[in-house]
Amino acid sequence: SAQPSGLRRAHFSSCADGDHPMVLITGGLGQLGVALAKLLRRRFGNNNVILSDIRKPPDHVYNSGPFIFSDILDFKNLREIVVNNNISWLVHYSAVLSAVGERNVTLAKEVNITGFHNILDIATEHSLRVFVPSTIGAFGPSSPRDPAPELCVQRPRTIYGVSKVHAELMGEYYHHRYGLDFRCLRYPGIISADSQPGGGTTDYAVQIFHSAVKTGQFECYLRGDTQLPMMYIDDCVRATVEFLEAPSDTLVSRTYNINAMNFSPEELTEQIQKVLPDLKVVYSVDPVRQAIADGWPKALDDSAARRDWGWKHEYELPELVQTMLTHVSQGAQ
Ligand code: AKB
């Protein structure tokens, strides 16, 4: 990719329209983009938040606010979008997730590392506030797992995890070196009703709700006792907006863990069975995804986020199950 011209320490003017930033979301048609755009648009106005992706959006997305084509691998295209739309905040959601990454390392390298370099350079060049999600996948088998602290050994065994550690380190380096307003949250597995995740290891916790409602049966690719950190999407997008809005001087760090609940497929099944007692779950373990999950934390220590910028989750497992079953049942009608 092209190099940004003249990297130097930034003078931040993060707001384009009075107090309102102009926000660009990459990878906007993934699991999280539409929900984040909805919340940001409520705060900053519909036209101040642009969703982007390389695919054509469904009608309800196209009709709900600005949407444009943007390819993060195309440096000039990205720069043009940032300049023409006076972008001040960039939320970088394009990524190849853990399970798909193991099937296509070349693609994961390209999107998660080369694409991220473009984001970093353009954000620095244009003094943007840039948010990049990291993940529980940035930890590995040699990290403390219960809970994983903010700072510890990070030796992930997936290309996804390696690329996210790279993103954390590069973002922090650019922050210290050039003054880039880089912000990064390590997300747990995110559970959503309206949007599907694409190719992750925690996807079972979304799929089980759809199967429970449609067929009453679910084949789980993880072992029943595999505990992982999880969060409902509303908490995730709220955390992201609160973190993006936090004054720079309250942030002791540029990368924070956030968490809400920790559960295994067995525990999730038990909770769903309180509402749908006939749900049958069988376990047919996929060795690739099981190995990935076995190297991830069982819980995340997010006390620094709670202390520094007031992070507080709302959804515990019972509310999550109730909410998901309501939304998925409505969608299935
Ligand atoms: C995945 O499973 O790959 C993602 C994640 C936890 O980052 N959902």
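User: How are helix 1 and helix 8 oriented to each other, oblique or roughly parallel?
Analyst: In this predicted model, helix 1 (residues 33-44) and helix 8 (residues 233-245) pack at an angle of about 50 degrees. Angles under 35 degrees count as roughly parallel and 65 to 115 as roughly perpendicular, so helix 1 and helix 8 are oblique to each other.

User: How far apart are the axes of helix 1 and helix 8, and what is the handedness of the crossing?
Analyst: Their axes lie 9 Å apart, and the crossing of helix 1 and helix 8 is right-handed.

User: Which residues make that contact?
Analyst: Helix 1 contributes Ala-35, Leu-36, Leu-39, Leu-40 and Arg-43. From helix 8 come Ile-233, Val-237, Arg-238, Thr-240 and Val-241. By type, the residues of the contact of helix 1 with helix 8 are seven nonpolar, one polar and two charged.

User: Now helix 5 and helix 6. What is the angle there?
Analyst: Helix 5 (residues 105-125) packs with helix 6 (residues 159-178) at an angle of about 15 degrees, and their axes are 10 Å apart. Helix 5 is therefore roughly parallel to helix 6. The crossing of helix 5 and helix 6 is right-handed.

User: Which residues of helix 5 and helix 6 are in contact?
Analyst: On helix 5, they include Val-105, Ala-108, Ile-113 and Phe-116. On helix 6, Ile-159, Tyr-160, Ala-167 and Met-170 are among them. The residues of the contact of helix 5 with helix 6 divide into eleven nonpolar, five polar and one charged.

User: What is around the ligand?
Analyst: Tyr-160 is one of the residues around the ligand, and others include Leu-97, Ser-98, Thr-135, Gly-189 and Pro-197. The shell around the ligand has four nonpolar, seven polar and no charged residues.

User: Which residues of helix 7 are buried?
Analyst: In helix 7 (residues 204-214), the buried residues are Tyr-204, Ala-205, Val-206, Ile-208, Phe-209, Ala-212 and Val-213.

User: What do they pack against?
Analyst: The buried residues of helix 7 pack against strand 7 (189-191), strand 8 (217-220), strand 9 (228-232), helix 9 (265-273) and helix 12 (317-332). Helix 7 is followed by Gly-216, which has a positive phi, near 75 degrees.

User: Why does Ser-64 count as partly exposed?
Analyst: Ser-64 has 16 C-beta neighbours inside 10 Å, and therefore counts as partly exposed. A buried residue would need 20 or more, and an exposed one 12 or fewer.

Definitions and conventions
Residues are numbered from 1 along each chain as its sequence is written. This is a predicted model: local features need pLDDT of at least 70, side-chain atom pairs count only at pLDDT 80 or more; totals for chains, interfaces and linings use all residues. Helices (H or I, at least four residues) and strands (E, at least two) are DSSP runs, numbered from the N terminus. Two residues are in contact if their C-beta atoms, placed from the backbone, lie within 7 Å. Axes are lines fitted to C-alpha atoms, for helices over the stretch in contact, and angles run from 0 to 180 degrees between N-to-C directions. Angles under 35 degrees count as roughly parallel, over 145 as roughly antiparallel, 65 to 115 as roughly perpendicular and the rest as oblique. A crossing is left-handed if the near helix is turned anticlockwise from the far one by less than a right angle, and right-handed if clockwise. Ala, Val, Leu, Ile, Met, Phe, Trp, Tyr, Cys and Pro count as nonpolar, Asp, Glu, Lys and Arg as charged, and the others, Gly among them, as polar. A residue is near a molecule or strand if its C-beta atom, placed from the backbone, lies within 6 Å of it.
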